[in-house]
Amino acid sequence: MAEQDPVPMAAGAGQRLGAPETLGISTLDPGHRPPAMPPGRQVTIRVRMLDDTEELFDISQKASGKVLFDLVCSHMNLIEGDYFGLEFQNHQKMIVWLDHIKPIIKQLRRPKHTILRFAVKFFPPDHAQLLEELTRYLFALQIKQDVSCGRLTCNDSSAALMVSHIIQSEIGDFEESHCRSHLLNNNYIPDQMPLIDKIMEFHSKNLGQTPAESDYQLLEVARRLEMYGIRLHPAKDREGTRLSLAVAHTGVLVFQGHTKINAFNWSKVRKLSFKRKRFLIKLRADLNSSYQDTLEFLMASRDCCKIFWKICVEYHAFFRLFEEPKPKPKPVLFTRGSSFRFSGRTQKQVIDYVRESEFKKIPFDRKHSRVQHSSRVQHNSRLSPLPSPRHHEVPAEHGAPGLESPHRRHWTESALVSAEDPSASRTTRLSPTHQRNGHDDRDRTGSVSRTEERRGSARQTHPEHLNTGVVSNSPRLSASSGHSHGMVNGQKSLELCSHSPDGRQPSPLTSPLLNDAGSVRTDDEDEVRRKRFPTDRAYFIAKELLTTERTYVKDLEVVTVSFQSAVGQDEVTPDSLKNTVLSTFEPLHKFHTGFLREVEQRLALWEGRSNAHIKGDYQRIGDVMLKNLQGLKPLSANLHKQSELLVELEKACRASRRLEGLCRDFELQKVCYVPLNVFILRPLHRLIHYKQILERLCKHYPATHVDFRDCRAALADVSEVVEQLQGSLIKMENLQKLLELRKDLIGVDNLVVPGREFIRLGCLSKLSGKGLQQRMFFLFNDIILYTSRGMTGTNQFKVHGQLPLHGMTIRESEDEWGVPHAFTLVAERQSVVVAASSMKEMEKWMEDIRGAIEMAKTSNGPTSDILSSNLIDSNKCPEDSSVDAESEDDITAPHTSLDKPAPHRGNTMVHVCWHRNTSVSMVDFSVAVENQLSGNLLRKFKNSNGWQKLWVVFTNFSLFFYKSHQDDYPLASLPLLGYSVTIPTESENIHKDYVFKLHFKSHVYYFRSESEYTFERWMEVIRSATLPSGVPRFLNSKESHPH
């Protein structure tokens, strides 16, 4: 079986070769006369409607499924018929949808004995996108059926609420005896009796609600349920676990029973296919994802795979594409794969057409409704508004209890002819909303980029429409639904967003199943169209100031906005802590917001993007920095007291478990992309960044340059402040690291004590009777701890033992034990043999340990036992044989546990070192925070073609990726420990300037910068993380400690 490829999206609607002419007839045009019925013998088709009536339709055997479907929709005067379909049970006893393109005779083996069911096929995320009352009524009938048969599962409250809206539309306002009698005679949900009182309670609150309003409220409740619109297809994973697959507007879903366990968003799916019984989902490469590139599910048969694949293709096309995809021409000789493609209008076209057209509102009948309203015509019979040419009553095969017997009515193709003025009928095809206009492929790619970018922003703009039943991972798998006005499936309507920045209309979105058009891409033509910015090195240094200032202001907002709203407003937060945070960070945020505005204005003038531009006068930045750094001096006077804020926050958390939980939960939020304590020290690190930028400017400028004097004066001012704070900064960084490590460790009572200094942490293999076992070692100036990452849901490391440095000796022991890179730590009570991953790692560890031993001989550091009293003896650790082996791909994703509902951060440097089998020192941490960098980069994967423009922030040994600098949290992150940074070789065919390459094992990424200066800076800061220093930094033992 050849692979079945999903249909690519084309720019305009087209006609399949050999397709019948009826493809041109739309269910949206009830007033348009269809072409002549194909010759041939007539057959009678039975269709069961959603109100349980049956209709008979005479149609030619050679007619396509589209002709029959148009006949059904026209019979009901249904304008938004594209949401519906006709389903039937084929000869293999499987429920399938009637294909609109194939002739009916090829689909129904015994037409006279087959009942087709008119049903909802595409469930939109927001019922407000259904613009016609009749459409919402039909959806309400579908929900009623799904609830009754148990397909739409939910809790008792939701079930009772939905039934209350159903009976409100059927019997009207609440009257106790009438309502109870009706519920006793009619079953709407399985096991209804225990819920009758709750249903009546909800019904009593629906006073005055019309049937149309009841339909709307019913859909409002239903759309929030996890099983809304879900049709399960049984499958198994590779391990044989029984699962179910389903498809929704967001993508492909995986269920276990009636519980959703996974979701694959369309934007993350590269291709869907099937081979025999195997259904395959090929995913895009993702930094944060732990999934393989291709996921495989085993279904009962090839036909089951094909049925599910077809509905996936149709769901994707209907909700994701702007226009009907263009069919592929038939090959002359050989065929490969299925020729099936989605045929019909997309949701975008349906909504636009209905909004732009004016239709006469024709009253329809609600079969089960007894409510009469003067403003509406309510006949208590059936859906059809037209007279019946021939009427038969037949008994129902599967009648619902308490409902009147279903009716069957007979219709022919003549029912499609409208009684309205033929001149009022519209053309059968919409003009394509997006025209190609002769643009080449590169123009279309750029348009796709901008359209998709706007789609993403639209989704973020309307969080109130997020589907709560969709998993958000990672990539986060988020699902958006559109606003009822101006939104379609989470993206702005064409009137709002169809034009690209250069004034041209974008092409339709290409299917993300086939290529990378779902991401924001830049190509050579986009690059040529970019403005030619200044090439002076000073301009790019000033631009670095701008980009890093943007990140710094966002970091301040994490404390002043996000932390305050999540933690600061809670009553358990001490007033003293609130006041300290506000008095420290609010003035800084206000000041730097103004400073950022000035820098942005100056760069705009420098680039010539202002009418006030006068060449030369604005091509400098020193005056802006001098003025603002002088204004910053008063705010920097108290920065040496940041340690007090760290200590106060720590004490408050230890005093209140609720506050500790709030802070822990806040650190798990996406906006808190590094540990909270790091944000508290950001103002001190920012002063160092200013100093580095001014040093580069002064080094670049000649002494005669107009900007040199201001830069030198500003450098003198900031250097004075940095020098005054340097001693305090070292202590505060040490305190911050101790506080952070305490959260990562289990079994430590008093890690944070005066005099203790952190030196290095990392992975070493400990030799025991069971062989070499991976352990995480922590080196302080008085003690060594060794730990393992056990089977805990909190992502913490359990301490197994401690080795005091006082009296310790160290020696190489590779020859003694026959283990590469081994050395022995000989303490007073025990000896431990460990092995490093490389000679370089061993040298760094031995150098730092020897330095710490020498310091321990002369200092009066802490000597207290820091292990918990209930910790087992370090020489008898049963956990030594059960180290948790976790996939490296999981390092950037937070972990959860069913046993412990309070997980800690799972992406700290401790976890990265554990997975990458490396180590970092306190010097490395200091260098990493001082070498922050931000800016736009173009990223390319190893096997991809296009370059993706991202806003990238380097800090804390990691790259954080954003869509733009305005985003509040990163989309993904890439820890750089263990990575190598190089320049691509000629054989890699990266024929671009300013490209650097990051690679670790099989992971390869390419990044492009905009200039030689930015290229050098990115290489510099990334090397500071990928090539960590081995020189230890010790505090002066005579200096006082802030804690």
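**Close-up views of a predicted model**

The structure holds 34 aromatic pairs, where rings of Phe, Tyr and Trp (its six-membered ring) pair if their centres lie within 6.5 Å, planes under 30 degrees apart counting as stacked, over 60 as edge-to-face and the rest as tilted. The model is predicted, so that local features need pLDDT of at least 70 and side-chain atom pairs count only at pLDDT 80 or more, while totals for chains, interfaces and linings use all residues. Residues are numbered from 1 along each chain as its sequence is written, and side-chain values use heavy atoms, with hydrogens and water left out.

**View 1. The aromatic pair of Phe-925 and Phe-957.** The two rings are edge-to-face, with 5.3 Å from centre to centre and 90° between the planes. Phe-925 belongs to helix H23 (residues 922-930) and Phe-957 to the loop between strand E28 (947-955) and strand E29 (958-962), so the pair ties together parts that are 32 residues apart in sequence. Helices (H or I, at least four residues) and strands (E, at least two) are DSSP runs, numbered from the N terminus. Both Phe-925 and Phe-957 are buried; buried means under 20% relative accessible area, exposed over 50%, and partly exposed in between (1.4 Å probe, protein chains only).

**View 2. Strands E29 and E30.** These strands run antiparallel and are joined by four bridges; two strands pair if DSSP finds at least two bridges between them. Ser-958 stands opposite Pro-975 in E30. Strand E30 (residues 972-975) is covered on both faces, with Ala-972 and Leu-974 buried on one side and Ser-973 and Pro-975 buried on the other.

**View 3. Helix H5 and its packing partners.** In helix H5 (residues 196-203), the buried residues are Ile-196, Ile-199, Met-200, Phe-202 and His-203. Seen down the axis of H5, these residues fall within an arc of 160°, so they line one face of the helix; the arc is that of the directions from the helix axis to the C-beta atoms. They pack against helix H3 (156-171) and helix H4 (176-185). Ile-167 lies in helix H3 and is buried, at 0% relative accessibility. Its contacts (heavy atoms within 4.5 Å), leaving aside neighbours within four places in sequence, include Ile-199 and His-203. Ile-167 and His-203 are 36 residues apart in sequence, yet 7.7 Å apart in space, C-alpha to C-alpha.

**View 4. The largest nonpolar core.** This core has 105 residues, and those with the most contacts inside it are Leu-68, Phe-84, Phe-118, Ile-143, Phe-279 and Ile-281. A nonpolar core is a set of buried Ala, Val, Leu, Ile, Met, Phe, Trp, Tyr and Cys residues joined through side-chain atoms within 4.5 Å. Helix H7 (residues 302-320) gives the largest share of the core, 12 residues. Beyond its neighbours within four places in sequence, Phe-279 is in contact with residues including Cys-305, Phe-308, Trp-309 and Cys-312.

**View 5. Arginines over aromatic rings.** Arg-682 lies over the face of Phe-679, at 5.8 Å from the ring centre. The charged end of Arg-1008 sits over the ring of Trp-947, 5.0 Å from its centre. A charge sits over a ring if NZ of Lys or CZ of Arg is within 6 Å of the ring centre and within 35 degrees of the ring normal.

**View 6. The positive phi of Arg-276.** Arg-276, a residue other than glycine, has a phi near 55°. Its place is the loop between strand E10 (269-275) and strand E11 (278-283). Arg-276 is exposed, with a relative accessible area of 55%.
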